Amino acid sequence: MNLICEITQQALLTGYLTLDSENQLRQLLSRDYGTEDLKAFIHLQQAVMEGLVRQESRELFFSSISPESLTQEVAIAS
């Protein structure tokens with residue numbers, strides 16, 4: 001089994017994509033990969049969008065944003 005498929009399978013099993021796995025996926029996707037890996041990655045993306053797999057990177061990002069700073073950013077953008 002290809003590495004992208006293995007990472008995808010692990011994330012789908014656990015419902016969680018770690019920072020390490022995400023970084024590993026970035027490296028693997030910057031190289032040549034086959035159709036099986038591409039399909040697995042698309043499946044993983046769909047699972048994340050549907051909320052079946054959580055991403056550690058997003059959880060860390062959103063936990064670092066305070067409600068006050070978010071309100072300020074919205075006000076600046078308006």
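**Notebook: a walk through the fold**

Starting at the N terminus, I read the elements of the protein chain as α-β-α-α-β-α-α. That gives me five helices and two strands. A reminder to myself: this is a predicted model.

**Entry 1, the whole chain.** I looked up how much is tucked away: buried residues make up 23% of the 78 residues. The accessible surface comes to about 5,800 Å², and 55% of it belongs to carbon and sulfur atoms. Then I checked the contacts with a separation of 6 or more, and 70% of them come from residues 24 or more positions apart.

Which residues of helix 2 are buried? In this helix, residues 19–29, I found Glu22, Leu25 and Leu28. Looking down the helix axis, I see these buried residues within an arc of 125 degrees, so they line one face of the helix. I next asked what they pack against, and I noted helix 1 (3–14), strand 1 (16–17), helix 3, strand 2 (54–55) and helix 4 (56–63).

I count two salt bridges. One of them joins arginine 26 to glutamate 22, with the closest N and O atoms 3.1 Å apart. The two residues are four apart in helix 2, so about one helical turn separates them. I recall that an α-helix has 3.6 residues a turn, so residues three or four places apart point the same way. Is glutamate 22 buried or exposed? Its relative accessible area is 10%, under the 20% cut-off, so I put glutamate 22 down as buried.

Arginine 54 forms a salt bridge with glutamate 59, and here I read 2.5 Å between the closest N and O atoms. Arginine 54 is partly exposed, with a relative accessible area of 46%. Glutamate 59 is partly exposed as well, at 32% relative accessibility.

I found one aromatic pair in the structure. Phenylalanine 61 and phenylalanine 62 make an edge-to-face pair, 5.1 Å centre to centre with 75 degrees between the planes. I call the pair edge-to-face because its planes are over 60 degrees apart. Phenylalanine 61 counts as partly exposed at 47% relative accessibility, whereas phenylalanine 62, at 52%, counts as exposed.

Which residues make the nonpolar surface patch of about 250 Å²? I wrote down Tyr33, Leu38 and Ile42. Leucine 38 sits in helix 3, residues 35–49, and with 37% relative accessibility leucine 38 counts as partly exposed.

Notes:
Residues are numbered from 1 along each chain as its sequence is written. This is a predicted model: local features need pLDDT of at least 70, side-chain atom pairs count only at pLDDT 80 or more; totals for chains, interfaces and linings use all residues. Side-chain values use heavy atoms; hydrogens and water are left out. Patches are made of residues with over 30% relative accessible area and no salt bridge: like charges are joined within 9 Å, nonpolar side chains (Val, Leu, Ile, Met, Phe, Trp, Tyr) within 5 Å. Accessible areas come from the Shrake-Rupley method with a 1.4 Å probe; for residues, only the protein chains shown count as cover. A salt bridge is a side-chain nitrogen of Lys or Arg within 4 Å of a carboxyl oxygen of Asp or Glu. Buried means under 20% relative accessible area, exposed over 50%, partly exposed in between (1.4 Å probe, protein chains only). The arc is that of the directions from the helix axis to the C-beta atoms. Contact means heavy atoms within 4.5 Å. Rings of Phe, Tyr and Trp (its six-membered ring) pair if their centres lie within 6.5 Å; planes under 30 degrees apart count as stacked, over 60 as edge-to-face and the rest as tilted.
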